Amino acid sequence: MKRRYEWELICMAIQTSINGKPVALSAEPDTPLLWVIREELGLTGTKFGCGIAACGACTVHVNGEPTRSCSVPVSEVAGKSITTIEGLKSADGTLHAVQKAWISAQVPQCGYCQSGQIMAAVALIKKTGSPSDAQIDEAMTNICRCGTYPRIRKAIHAATGQAAKAAKPAEGAA
Amino acid sequence: MADNTATEAQPATPTKRKGVKRRAFLIGGVAVVGAGLFGISIADSNAAKSAKARLESDGGHSFATWLKIGEDDSITIYSPHTDIGQGSNTGLAQMLAEELDAAWDQVRVVSAPAEPAFANVGLGRAFLADMTGQPAIINGIPQSFLSFIARQMNLQMTGGSTALRFTGRVTFQNVGAATRLALIETAAKRLDVPADELTTQDSHVIHAKSGRALRYGELAAEAATLSLDNAPKLKDPSQYRIMRQSIQRLDIPAKVDGSAQYGIDFSVPNMRVATIMAAPVRGGKLTSVDTAPALAVKGVEKVIKLDDAVAVVAKGYWPAISGLRALTPEFSDGGNGGISTASIFKAQDDLIAKGDADSTAGDGDVQAGLGAKPIEAEYQVPFLHHAMMEPFALTAYFKDGKLNIWGGMQDPLATKMMAVDVSGLDADDVTFHPMMIGGSFGRRLPMYMEIVGQVTKLAMQLPYPVKLIWSREEEVAQGAYRPQSSAALKASLTKEKRITAYRNDYAQPESAESETVFPYTLPAVSRRHFAHVSNQQTGAWRSVNSTQQGFYNESFMDELAHAAGEDPVVFRRNHLKAGSRHLRVLDEVAARSGWGSPLPAGTGRGVALVESFRTIVAQVIEASVGEDGMPKVHKVTTVVDAGSIVNPDAAMAQIEGGIIMGLSSAIGEAITLENGAVQQSNLADYPLLKMADTPLVMDIHFLNSGADMGGIGEPGVPPAAPALANALFAATGKRVRNLPILTQAKA
């Protein structure tokens, strides 16, 4: 009897892949992906900001697409591949080029929105190669209350070899 | 000529309103007793012993509470401030490490325990000096007194742009220098050489003559037994190699890989998650709620009724918020159901019109100077929401008579004391564990942190740990807003285009005198505060009062310049004291911005000059109005004189962020009320500036005049709103007198 119950549970579970590892999720199907990532999987780098997909702090990649995980029921990601901020590093722990650029440009202040910003930037760069300012404006719609936008722009340019542009927004340091 | 700078202005008469004032709270207690440099080390010995034991429990040797040196040369600095991303912990460490001559790569900073022994003495001491302009008063008072009193007052606050300029300069630089002397004294004895033959570098004491060197780690145990010099000589800035460098911030690596643990990320086994809804009309109480619909949601375990709120406790946030949304709680309105944005403005205007001010500051005979036909303008600004990106989240667990709380607050010690009050437990039985903070901007100050009381009440009646998370909806509706405020300004001009008299009448809950400085030198000035309190909780919003006062004064100065038919920069120059820092900052921004050079049709330039927290910022904005009626900011040129700065790149980041926050609030932000309740519900109807609206060109320059160090976290905000409004006037001829601009663009 017990065995059969466990088997049913496994059948009910939502199968997906997080940061390259297959997982079976037990959450209720209507639970937003964000809360499954944070509370069931314990990956707290993905943040809760607004719950209505307005701020982007919860941005992850679903099959490579930047996705605001607070507004996607976990049932919709069955069989899909999810990447969170914790999955950006390579297997040996080396930071992604975008993460390195973020440190070089000293982007984060409070840092709370930055996982989402970085995930959005990585997706943008993957799609466009080296994004123009207009492409950055269009794609980078995540909110940063600390106002790190000029440095985010600079870091995206720097990560894509656009050094001259990267130097532009914040010149004149004492 | 009367001078209206901060130090010479007459202090405001106390407001009639009762209650604890922000700054009066700090000054009131400190002023009585005096000052101390070294935290508890020279205060009472029991507290000193227990703090020392606590810091040394995992090895190492403690100096003056704030510093520990390990046998392995590791250097741990205990910060009484909360680094909210402004880089203050890195800056504090730079200041201490500089005077200590520490090897920077061995330095780490941790939060000081939220215990009275680690109360922030430097803050209390310097607040007094800053506010009175007479540090001599406190210098003669025995040092041990202030330590004691600061601990009684539970000061561990971060705010007012104080970390580096007060704690850093008053405490940390001295602790570093004094510890260095103790290490030298120990080395002199051990090497049997005179102390003046020794030098220090990279955590070593060096005797060049004999080619010998000793590591700080091998000297620390003995040096920690010496008493510290309480007036050590500090380095000349020309010797600096850690301060004034753009050293990378220590907190950043953990913020790019998701490993940084904020309060909302905390978790313990068996923990439940709760969320809450307080009375939508502030002042109301919970009158009834049928708990069944929440309890029917899978995962919900309890519905807890508080006096003015209802909370749902569940296995996770999603069932908790789903349960809460299933409820239809009824709340009273506390008699506040008639309050609206319009009713507040009307009440404020009526108070100003009546003319019975609660406090008056300034100098000269303004009434006579204004004459029969002064120039007049009225301005209005709305409540503003802090919109810190991490919503309030605290975890609390009451077990075996002990209460533990984890999370991020701007004053860890006051958080603990509030939990002590609410729980009725002894202070020894309550521990607050400070964690990283996802933004604050003044929202997490102790005066307004009702979540501490809420989570304490929940934990005291639950058998398991509970994490209380506010939804964004709760965050927006239950703010500690920048006050909604109105002002009526009047001035008269001579034929020579000079102001003869200037009056600023403003209505809001508290006087703005502590935070704002009127930089112009005029024959007669009057600043009159009319106290108006609504049902809303208002508080410190980054740069405290300087945003609204900066907008009023710098908009009106612009109006006066145009009325006089004079260039706005020239007009301001003519009312600033020759040789003043203000004048230099203004001249610099005019030169760097290309003030006066031709612009494309439809684009205008506006200037503003605001001093706040002892830092002077002048700004020129180039802007136009788009086809949608929305302002478009093309270029922002900013010149800052903060006296001196500790970390140039971190300071630059603060000014950048301040400008963007200032533009954001000027263009789009407003909290409005109807029937006593906040109308906005989330970030969808509280628009914050995004990347696409951020000007591509933001030139920022620091003058570093060498004056006393000013703040850097807050002063970047205030000039943006008036500089933008003035630019739009130059572009369109239409004057913005009510914020946000978006509301008028739509109207």
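**Figure 1. Secondary structure of chain A in the predicted model.** Chain A, shown here as a predicted model, contains 7 helices and 5 strands, which follow one another along the sequence in the pattern α-β-β-α-β-β-β-α-α-α-α-α.

**Figure 2. The β-α-β unit of chain B.** Strand 3, helix 3 (residues 88-100) and strand 4 of chain B together form a β-α-β unit that is right-handed. The two strands, covering residues 75-79 in strand 3 and residues 107-111 in strand 4, pair in the parallel sense over 5 bridges, and B:Thr76 has B:Arg108 of strand 4 as its bridge partner.

**Figure 3. The two faces of strand 4 in chain B.** In a regular strand, side chains alternate between the two faces of the sheet. Strand 4 of chain B presents B:Val107, B:Val109 and B:Ser111 on its covered face, whereas B:Arg108 and B:Val110 belong to the uncovered one; B:Arg108 is also the bridge partner of B:Thr76.

**Figure 4. Confidence along chain B and for the complex.** Chain B has an average pLDDT of 86, with 85% of its residues scoring at least 70. Over residues 1-45 of chain B, however, the pLDDT is below 50, although this stretch has 116 contacts in the model beyond near neighbours in sequence. Residues 122-155 of chain B likewise have a pLDDT below 50, with 83 such contacts in the model. Where pLDDT is low, the predicted coordinates should not be read in detail. For the complex, the predictor gives an ipTM of 0.92 and a pTM of 0.89.

Conventions. Residues numbered from 1 in each chain as written. Chains lettered and ligands numbered in written order. Predicted model: local features only at pLDDT ≥ 70, side-chain atom pairs only at ≥ 80, totals over all residues. Buried ≥ 20, exposed ≤ 12 C-beta atoms within 10 Å, placed from the backbone. Helix = DSSP H or I, 4+ residues; strand = E, 2+ residues; numbered from the N terminus. Pairing = 2+ DSSP bridges. Right-handed = clockwise from strand over helix to strand, strands pointing away. pLDDT = per-residue confidence, 0-100. Contact = placed C-beta atoms within 7 Å.
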